[in-house]
Amino acid sequence: EETSTAVDGNVRSVAMSSVILAVGTSQNRVVLLSVPDLTDIAELQHDGDVRSLSFSPLGDMLAGGGADDTRGLMTHKTRDSEMKVVIWRVSIDKTQCDRAGLILFDDIVHAIAFSPCGKFLAVGGQDKASTVFLVQDFQKAATLSCAAGVRCLAWSPSSHFLASGGEDMQVTVWDVPAEKVVFKLPKWTDWYSHVSFSSDGSWLATACFGSSVVALVPVEDRHGLGTASGGVATCSADIRGADVADDAREVRGSDREGCEREPWKGDVTSTLSQGMQQPCRCEDRDGGGDSANTSAKTHLPAIRPARTSLKSMGTVGKLCAEGGQESAPWTALTVVPLPREGEVASGVFRIKVENVPSGPNESLAAKASSSPSLSSSLGLTETRTVAVSRSRESLRFDHGDDISGVSLSPDGKWLVSAGEDSRVVLWDVVTQAKVMDESLDSAAQAVCFSPSGSYFAVADADSFVTLWNARTRSEETSTAVDGNVRSVAMSSVILAVGTSQNRVVLLSVPDLTDIAELQHDGDVRSLSFSPLGDMLAGGGADDTRGLMTHKTRDSEMKVVIWRVSIDKTQCDRAGLILFDDIVHAIAFSPCGKFLAVGGQDKASTVFLVQDFQKAATLSCAAGVRCLAWSPSSHFLASGGEDMQVTVWDVPAEKVVFKL
């Protein structure tokens, strides 16, 4: 047991992000507690029992659904007694927590769930439907009608399928874009109370009222070529902004009158159907062929119960699939045993990367094709293409001097550039206009956006790090660190600063107070957080700057992987990846399954995060200085000393195009 605390009222629901535990109560409020010490952060006001809670994947938004004080007994409800899903912006800083808007329903909301991709919010309740909303504007995108009240919801890891269970005593798995039932589990003797997908999508856990049994159903999330069909419900919700502060929205989610059954159309259609595919802005398309012909057909996944049978293991009734797991045929890697003296052996790895090129049949796609379980877990079952857009022109932003750092906001609306002229410029990408132009006391060294796009950080040559509020375009705070700053990276709650003093400084966001210092063995030239913000990778050079031809164990170039948290006691080194030359660039993929590393060894190397085995080697003509993943985690852009940007198809280990 880590710790415990008491809250006022009966607890109806709980949800947890990486740093916040949210507790919904019968006292019409949600209590936010810090993780892991469970100290109070803030209380958020609802208008009734908070029966369900869900954090967005980045942890910066919280949705709470439930009933008003009448428990749904009023037939004709007033505006104040309607059933609500409340959306809040949340942070470990109480002053940053506020209500973003409401979604109103005519009956009790029992279940709510953000999709893993962060683009959708599913709501289920007594109105006998699971309603899917687009998070970007909370317009209704899909209505999945059920035979009875919905009590529980769970998204598949691909964000393509939604499992619902409830008062019909069945679990139904839906293809959300098509609004069609994929399969149903057999009826039980009582209402279903809980459903949950495993993180790899291979299991669906279910539980019922009046039963002590948890059932694990094996499922297969397979990708096949599908056709977007007509006859799918489309419904636009009314947005009412009256009496809602700031940019908060009030959306009615239950009005079904006037909703026609018709084929997908408009922005809601494209966002929902393409959002499942995680599209890239450079026309990242499923399948090959001309883009004009890709609108009719898309690669849509298909899911069904696995055919592998189950068997009971022992007296506790543990379930497992018959047959063993397939092993991944990774090569060209040596695992060097740990620990060193003084290091803890548990959970720590040390990997030496050898410059052994992959053979023609050793690409990640080839390995995955010979291992169905690997292919499914990595999401490599569909063919994708990417190309420079022919319908949109390239944009150019003239900073006015040499640029030392650039970062795009996650939504692609804002671009921040920082340069040798000590200026920081925030650009509106659509209009190409400068919306902020501020000066530092010295030349800028590095810049990064927060995952939510609310903040961006800039480090200068005087070792000052400044945090800016992207919404107000005002300086939030600043602090100084020891040593010259080489790199910065930001999670939703932590700013990491890599320095020439062989260390990474962790600062809290937004107040920039010290959390911890992490030890490296040289300049930390690049940093990258995992999507969940619980891991940090730092790459660079040792103190010899790579001048030694024959390196010792202590002077090899390293990528260090740390487990990180706002709690200093939870920050520790997870392991090392060793290289024979300087590491300039490092990047976790958006899906969180891959880590790309580039440097003076003239290659971009891709590792599997699950065990940090090498999965792909992308050989370049010269040293690699920068890396960026496409949103689909299928393509990787690299740039550097060959004076070109190369876009790679990572599974195939092939060049797609060069700029």
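Over how many bridges do strand 39 (residues 503-508) and strand 40 pair? The legends below start with that sheet. The model is predicted, so local features need pLDDT of at least 70 and side-chain atom pairs count only at pLDDT 80 or more, while totals for chains, interfaces and linings use all residues. Residues are numbered from 1 along each chain as its sequence is written, and side-chain values use heavy atoms, with hydrogens and water left out.

**View 1. The open sheet of strands 37-38-39-40 is antiparallel.** Strand 39 and strand 40 pair in the antiparallel sense over five bridges. Here strands are DSSP runs of E with at least two residues, helices are runs of H or I with at least four, and both are numbered from the N terminus; two strands pair if DSSP finds at least two bridges between them. Four strands make up the sheet, in the order 37-38-39-40. Its edges are strand 37 (485-490) and strand 40 (514-519), each of which pairs on one side only. On average, neighbouring strands are turned by 20° against each other, direction ignored (axes are lines fitted to C-alpha atoms, for helices over the stretch in contact, and angles run from 0 to 180 degrees between N-to-C directions). Look for Val505, whose bridge partner in strand 40 is Glu517.

View 2. Most residues other than glycine have a negative phi, and most peptide bonds are trans.

**View 3. A cis peptide bond joins Val35 and Pro36.** Its omega is about 15°. Pro36 belongs to the loop between strand 3 (29-34) and strand 4 (40-45).

**View 4. Strands 33-34-35-36 form an open antiparallel sheet.** Strand 33 (444-449) and strand 36 (474-480) stand at the edges with a single partner strand each, so one side of each is left without a neighbour in the sheet. Neighbouring strands are turned by 20° against each other on average, direction ignored. Strand 35 (residues 464-469) runs antiparallel to strand 36 and is joined to it by six bridges. Within this pairing, Leu467 has Thr477 of strand 36 as its bridge partner.

**View 5. Phe594 and Trp629 make a stacked aromatic pair.** A search of the whole structure finds eight aromatic pairs (rings of Phe, Tyr and Trp, using its six-membered ring, with centres within 6.5 Å; planes under 30 degrees apart are stacked, over 60 edge-to-face and the rest tilted). Phe594 lies in strand 46 (residues 594-599) and Trp629 in strand 49 (residues 624-629), so the pair ties together parts that are 35 residues apart in sequence.
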